[in-house]
Amino acid sequence: MKKYLCVVCGYIYDPAVGDIDSGIKPGTAFEEIPEDWECPVCGVGKDDFVVYEEEVSLKDTLKKHSNSDDNEAHDELAYNEIVKDVFAVGSQHWDRQLFDELIPLPDGTSYNAYLVQTDGINILIDSVEPEKADDLLDHLLDLDIEKIDYIISNHAEQDHSGAIPMVLDLYPEAKIITNPKCKTFLQDLLEIDENVFITVNDGETFKVGDKTFEFIYTPWVHWPETMSTYLVEDKILFSCDFFGSHRATSKLFVYDEYKVLEDAKRYYAEIMMPFRSHIKRNIEKVEKKNIKFIAPSHGPVYDKPSLIIDAYKDWISPNVSNKIVIPYVSMHESTALLVDYLVKSFTAYGLHVIPFNLPKTDVGELSMELVDAATIIFGSSMVLGGAHPQAVYAAYLTNALRPKAKYISVVGSYGWGGKMVDQLKGLMVNVKAEFLDPVLVKGVPKDSDLETIDNFVEKIVELHRNL
Ligand code: FEO
């Protein structure tokens, strides 16, 4: 019986082993597997499998069956080659579940590193999360890289710098090119020797062989030291976190724009949203370059840079969507009843309203909706004299992310009193939104509360009509 290879991720179905987790017993021929079976690694169907010819290298088989028809300009390039002599050598973290121990990652994430070759000189751009260092080193060895001459470090955060010490162990002759601030951070975080560094200034170029690297300081996307590197001859912007998406993918280039924008919005919401004014300046700065590709440090490479640049321009603009977001927590259903009434009322007026029951909420989803919501209403039960800790957490997170909402308020239920409204309001001093009069009900919402609640709804409906 023949083995079959998944051309998307490289998984090999071996009939002698089967796929026990999917109920496929050892000894099952590939042809006998049910048609709805999916690759246990990447989830594609049987159509994406080909006969695995053991005498042909895995790399050649994948290359032959890669979707190069998606971009005919890449037909002659290796599966991980952006343009001639520029390779993606990073790592896909398919099953990472949380980023920064905060934002869930439904599509995993990736740590992209790139290798540029010119005149026998090898330049590595960024590295990977230390636990994925083996992937990076394997990719370098797979390309028969015997020496690394330079490592360009765009950003010191460990998901891009953490494997640099391992690269230096394997290639001790390498010099790190970075800016002075990033050098300090790298020394603080990784204890890298002073003599390894070459520092560069904003706008400085570094020519090696037939390639010219231009360094563009892009502070606060993500840290104050972050820069981008522009490869002049190939018109590639290596933007590091800027324009990234939380996405593990076997595809080098964006092929599903809607999905990538969703993953990029999740990334933007947590990492970038607080820095909108910096992002605006940085977009203006990089847009002066003639960019053919954006190669970020998370997610696929953009071969249509306008896709992500236009999305960023929309997200950072002052424009809001006609949308109301209601993060809430309810201990004994009173606040839930109030929120339910609000949702039905806003819906009846034709407004887009999204409730988030906080104990069951993916805070990544909540953060994504905060990117452009016009109004945020926090709902909470009163507990121990104040807001429920889940509402406190949501308010604190909102304050940290600094969304561009125009209106904000609080609703909830109490038994005998407390300072919930002042507490939540005090947690959101960074949100430059008008605070609307809150609505608090004693116990469950009653008919006697309806006038107050309806007035609250009508006020917001009126404000949304005038957005
Ligand atoms: Fe992907 Fe700021 O690190």
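Two strands pair if DSSP finds at least two bridges between them. Helices (H or I, at least four residues) and strands (E, at least two) are themselves DSSP runs, numbered from the N terminus. The model described here is predicted, so local features need pLDDT of at least 70 and side-chain atom pairs count only at pLDDT 80 or more, while totals for chains, interfaces and linings use all residues. Residues are numbered from 1 along each chain as its sequence is written, and side-chain values use heavy atoms, with hydrogens and water left out.

The protein has 13 helices and 26 strands. Its C-alpha atoms fill a box of roughly 80 × 60 × 40 Å along the principal axes. Of the 467 residues, 55% are buried, where buried means under 20% relative accessible area, exposed over 50%, and partly exposed in between (1.4 Å probe, protein chains only).

Strand β1 (residues 4–6) is joined to β3 by 3 bridges, and Tyr4 stands opposite Val51 in β3.

Rings of Phe, Tyr and Trp (its six-membered ring) pair if their centres lie within 6.5 Å; planes under 30 degrees apart count as stacked, over 60 as edge-to-face and the rest as tilted. By this rule there are 18 aromatic pairs. In one of them, Tyr4 and Phe30 are stacked, with 4.0 Å centre to centre and 10° between the planes. Tyr4 lies in strand β1 and Phe30 in the loop between β2 and β3, so the pair ties together parts that are 26 residues apart in sequence. Tyr4 counts as buried because its relative accessibility is 12%. Phe30 is buried too, with a relative accessible area of 5%.

A second pair, Phe242 and Tyr312, is edge-to-face, with 5.8 Å centre to centre and 75° between the planes. This pair links distant parts of the chain: Phe242 is in the loop between β18 and α6 (257–272), Tyr312 is in helix α8 (residues 305–316), and the two are 70 residues apart. Both Phe242 and Tyr312 are buried.

Tyr4, Tyr11, Tyr13, Phe30, Trp37 and Phe49 form one aromatic cluster. Lys46 lies over the face of Phe30, at 5.0 Å from the ring centre; a charge sits over a ring if NZ of Lys or CZ of Arg is within 6 Å of the ring centre and within 35 degrees of the ring normal. Lys251 lies over the face of Tyr255 in this way, at 5.2 Å from the ring centre.

Next comes strand β18 (residues 236–240), where 5 of 5 residues are buried. In a regular strand the side chains alternate between the two faces of the sheet. In β18 both faces are covered, with Ile236, Phe238 and Cys240 on one side and Leu237 and Ser239 on the other. Strand β17 (residues 227–231) runs antiparallel to β18 and is joined to it by 3 bridges, with Tyr230 as the bridge partner of Leu237. The two strands form a hairpin with 4 residues between them, and Lys235 in the turn has a positive phi of about 60°. With strand β19 (residues 293–296), β18 pairs in the parallel sense over 3 bridges, and Cys240 stands opposite Pro296.

Strand β10 (residues 114–118) has two partners to follow. In β10, 4 of the 5 residues are buried. Strand β5 (residues 86–88) pairs with β10 in the antiparallel sense over 3 bridges, and Phe87 stands opposite Leu115. Strand β11 (residues 121–125) is antiparallel to β10 and joined to it by 5 bridges, with Thr118 opposite Ile121. The hairpin of β10 and β11 has 2 residues between the strands, and Asp119 takes a positive phi near 55°.
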